[in-house]
Amino acid sequence: MVKLIATDEFVATIQAMKCQEESYSRKDYLYNKDSSIKRPDPNFLDEECRFRMIDWCCQVAEFLTIRREIVSVAVRYLDCYLSCSPTEVDRRHFQGIVIACLYTAMEIHTNHHIELSCSFISTITQPKSPPTKLAPAFMARITQGAYTPEQIVKLQLELMNTLQWRLNPPTARTFLQYYLCLVPSILMTSSWEDEERRLLLEEAAQQQMDLAEQDYQFVCCTASSIALASLANAMQHVDCYYCQSNVQYSQYHPVILALSEYANIDIYTPNFVTLQENLRQLLMPGEVRYHGCLNHRHNKQNETIPSSPRGIITTKHAFNSS
């Protein structure tokens, strides 16, 4: 049995985040806990609406070269808002809330300064100088006129009030980083002996988490469980293609057991086993590509201006411009 030698600070942080994520619980807000019941009104939300708008957020993040973690925070805002919203949200309002979620996440979790490309400035606004201060007007330009600054501010206030100003949710990416920090101590080593392997494990886990973020079937799963299940799958997946390594999954299994103990997650429950299997199906077939498995569009920075959210979700009814 591997002796558990963990860094107290990392373990304490994981346990604190576990307590914190209870304040950001989410529920099945589309089907009211019955996935067989579909809403007949085409103006109501569905899984495709959610997927398309989250994908739009990913495009914006990629274009603005901001951390993917910002999108994860925005998605947490979105799901928590819809889980506790007292009224039904139609597609037009849903679009606005998504924009408010992304704007709020960018405002709180970045340094408030984002460099805009010259092509974006010239195509959208043509100002005398690029606006670098994050402001509602900046986000309005990102939406290409779909929403005014005043509308975005109003939607942001509605979002914050609904969330009761809880705006620092722990994400699966955050849990993953702390899990990875604990692996060497669990294996009784001072550091990762194979840095390339660590990066491969991280990328394979992040690939699952990023795709799961857009998939509604994972909406009720906790961030801590998604991160742990993704890491377990990554360990199996990477070693399947790098079996010449001295460290095989059989030696990693005690790591997952130890991490599950720290995070108070029972990895033998049917729910966790199902979660791990569903995440495993998201892994790309074949070898994990070093330094690039996360970008499912292309390997270079996205130079295409993200579409206006006005045209992201199509319905049989035209949206109101108000």
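Predicted model: local features only at pLDDT ≥ 70, side-chain atom pairs only at ≥ 80, totals over all residues.
Let me begin with three residues, Tyr29, Tyr31 and Tyr216, which form one aromatic cluster. Residues are numbered from 1 along each chain as its sequence is written, and side-chain values use heavy atoms, with hydrogens and water left out.

A pair of aromatic rings is described by the distance of the centres and the angle of the planes. Here, rings of Phe, Tyr and Trp (its six-membered ring) pair if their centres lie within 6.5 Å, and planes under 30 degrees apart count as stacked, over 60 as edge-to-face and the rest as tilted. By this rule there are four aromatic pairs. One of them joins Phe10 and Tyr178, whose ring centres are 5.9 Å apart with planes at 70 degrees, so the pair is edge-to-face. Phe10 lies in helix α1 (residues 8-21) and Tyr178 in helix α8 (residues 172-186), so this pair ties together parts that are 168 residues apart in sequence; helices here are DSSP runs (H or I, at least four residues), numbered from the N terminus.

Phe10, at 21%, is partly exposed, and Tyr178, at 25%, counts as partly exposed.

Tyr31 is in the loop between α1 and α2 (47-64), and Tyr216 is in the loop between α9 (195-214) and α10 (223-241), 185 residues apart. Tyr31 is buried at 9% relative accessibility, and Tyr216 is buried at 6%.

There is also a charge to point out: the charged end of Arg92 sits over the ring of Tyr147, 4.1 Å from its centre. For that, NZ of Lys or CZ of Arg must be within 6 Å of the ring centre and within 35 degrees of the ring normal.

Key:
Helix = DSSP H or I, 4+ residues; strand = E, 2+ residues; numbered from the N terminus. Buried < 20%, exposed > 50% of the residue type's maximum accessible area, 1.4 Å probe, protein only.
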